[in-house]
Amino acid sequence: MNATLERWSTRRAFILAVTGAAVGLGNIWRFPYITGENGGAAFLVLYVAFVLLLGLPVMMAEILVGRAGRRSPMQSLGHLASAAGASSHWRWLGLFGAFTVFCILSFYSVVSGWSIEFLVASVNGSFVGRSAAEIGAGFDAFLADPRRMTFNHTLFLFMTMSVVAAGVAKGLERLNNLLMPLLYLLLLLLAGYAATTAGFRPALAWLFQPDFAMITPLVVMHAMGHAFFTLAVGACALMAYGAYMPERQSLPRAAAAVATLDVGVALLAGIAIFSVVFAQGMDPAEGPGLMFVTLPIAFAELPWGALWLSTFFLLLLLATWTSSINLAEPMVATLQGLGLGRGQSAAVIGVSVWLVGLLSVLSFSTLAEWRPLAGMNVFDLVTTIPTEIFLPVGGLLIAIFAAWVMPRAAARDALGVGEPGFRLWLGVVRWVSIPLTALVLAAGLL
Ligand code: PHE
Ligand code: NA
């Protein structure tokens, strides 16, 4: 890859591509269960605050490095560092990002595989007429079956790596253009339906009436990690996309549009899911199975439920597909930077991620009790450590690089909003995002 990368054809295509990366399991699967485990509204307040104070400014930092460098993340960082007379060791940040997304993709693919399983089951009408207890038991039986889980994991990863091998800008743009709006519509419909159920009021209270006594340093750290994860910030993944950004486009505007959509999707999913939770007397802190158990119950009660549910899982699958393509991109770009071909790089990454993903698959059966660290099994570890530690650390370093290290003029041009806007961004990153991230990390870890 070199400085003459293919650009996204339009500004809209760039925004859709970044939205495709941002909107995924983080919004529909992770947001509800993490919010459920961390006390509801108080967590939501923290998460939204972190999106505004850290997520957005650091997202701009990350994309602008890629945009100014016009190369793969490692090469952009190295190039801009030497242009500023700084150490070329900054390029290792790109490698750290690649390692982070490697860990994330290993479970992301497994959980996306659950969506494949549920898509097939809902097309077959397997949820029609089932009680909440039966649906829950069916999910547990699926988790306990490593063969079915491995099959879906394999299929999903293959789908991802094929698109990546074929090159990023092509098929993706069209897919995003077509299908993301449909997902929003369907969630809107679902939230609208939830408003007619008995669980709706308690769900709103749970989500929007904060009890600040719930907040501990760990809850704060969970909220910060989730803000990075859901916006896809901190792993140089968006940096890789920044390299394709059109010449004349305001980065802050694009970032704000993406964050608004991303938070919107999470809120709609949260309203729909918690309405079911409270209508059925379920536990909000049910964990990673929350979405997979509640939504089939909700749809089962709607007219044409099987049709809606199938459509939902199809769209969810497409959303996670575009996210996982973005997760794979920085790794493939890194290997390409080392001289491998694109197809070769995609194959090497695909096989390695697949192998590590098997550990997540087995975390629900054979390896459930293997707890290598802090009492967590592999699935717990890969869903926690990369998101809550690696992404914030990566984001912190990216922010330091963009705001303190790289040439100022290059940063200003890449932000694309002129001097006053640039100063505002610089001030926020230097004096809010950087210290706040460092503080939360320290408070959570020490
Ligand atoms: N933002 C994605 C989601 O919410 C996950 C992701 C994280 C994608 C980091 C890319 C990089 O599902
Ligand atoms: Na997201």
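User: How do the axes of H1 and helix H12 cross, and at roughly what angle?
Analyst: This is a predicted model. In it, the axes of H1 and helix H12 (residues 251-279) come within 9 Å, with a crossing at roughly 40 degrees. Angles under 35 degrees count as roughly parallel, so H1 and H12 are oblique to each other.

User: Is that crossing left-handed or right-handed?
Analyst: H1 and H12 make a right-handed crossing.

User: Which residues meet there?
Analyst: From H1 there are Phe 14, Ile 15, Val 18, Thr 19 and Ala 22, and they meet Ala 254, Ala 257, Val 258, Leu 261 and Asp 262 of H12. By class, that contact has 8 nonpolar, 1 polar and 1 charged residues.

User: Now the ligand. How many residues surround ligand 1, and which are the closest?
Analyst: Ligand 1 is surrounded by 16 residues, and Gly 24, Leu 25, Gly 26, Ala 232 and Ala 237 are the closest. Elements that give two or more residues to this shell are helix H1 (11-22), helix H2 (25-37), helix H5 (92-123), helix H10 (217-231) and helix H14 (305-337).

User: And what is the shell around ligand 1 like by class?
Analyst: It has 10 nonpolar and 6 polar residues, with no charged residues.

User: H14 is on that list. Which residues make its contact with H13?
Analyst: The axes of helix H13 (residues 290-300) and H14 come within 8 Å and cross at roughly 145 degrees. On the H13 side the contact is made by Leu 295, Pro 296, Phe 299 and Ala 300, and on the H14 side by Gly 305, Trp 308, Leu 309 and Phe 312. The class count for H13 with H14 is 7 nonpolar, 1 polar and no charged residues.

User: Next pair: how do H7 and H15 run relative to each other?
Analyst: Helix H7 (residues 146-165) and helix H15 (residues 342-362) have axes that come within 9 Å and cross at roughly 160 degrees. Angles over 145 degrees count as roughly antiparallel, so that term applies to H7 and H15. H7 passes H15 in a right-handed crossing.

User: What is in that contact by class?
Analyst: The contact of H7 with H15 has 13 nonpolar, 6 polar and 1 charged residues. Among them are Met 149, His 153 and Leu 157 in H7, and Ala 346, Trp 354 and Leu 358 in H15.

Definitions and conventions: Residues numbered from 1 in each chain as written. Chains lettered and ligands numbered in written order. Predicted model: local features only at pLDDT ≥ 70, side-chain atom pairs only at ≥ 80, totals over all residues. Near = placed C-beta within 6 Å. Helix = DSSP H or I, 4+ residues; strand = E, 2+ residues; numbered from the N terminus. Nonpolar A, V, L, I, M, F, W, Y, C, P; charged D, E, K, R; others polar. Axes fitted to C-alpha atoms, helices over the stretch in contact; angles between N-to-C directions. Parallel < 35°, antiparallel > 145°, perpendicular 65-115°, else oblique. Left-handed = near helix turned anticlockwise from the far one by under 90°. Contact = placed C-beta atoms within 7 Å.
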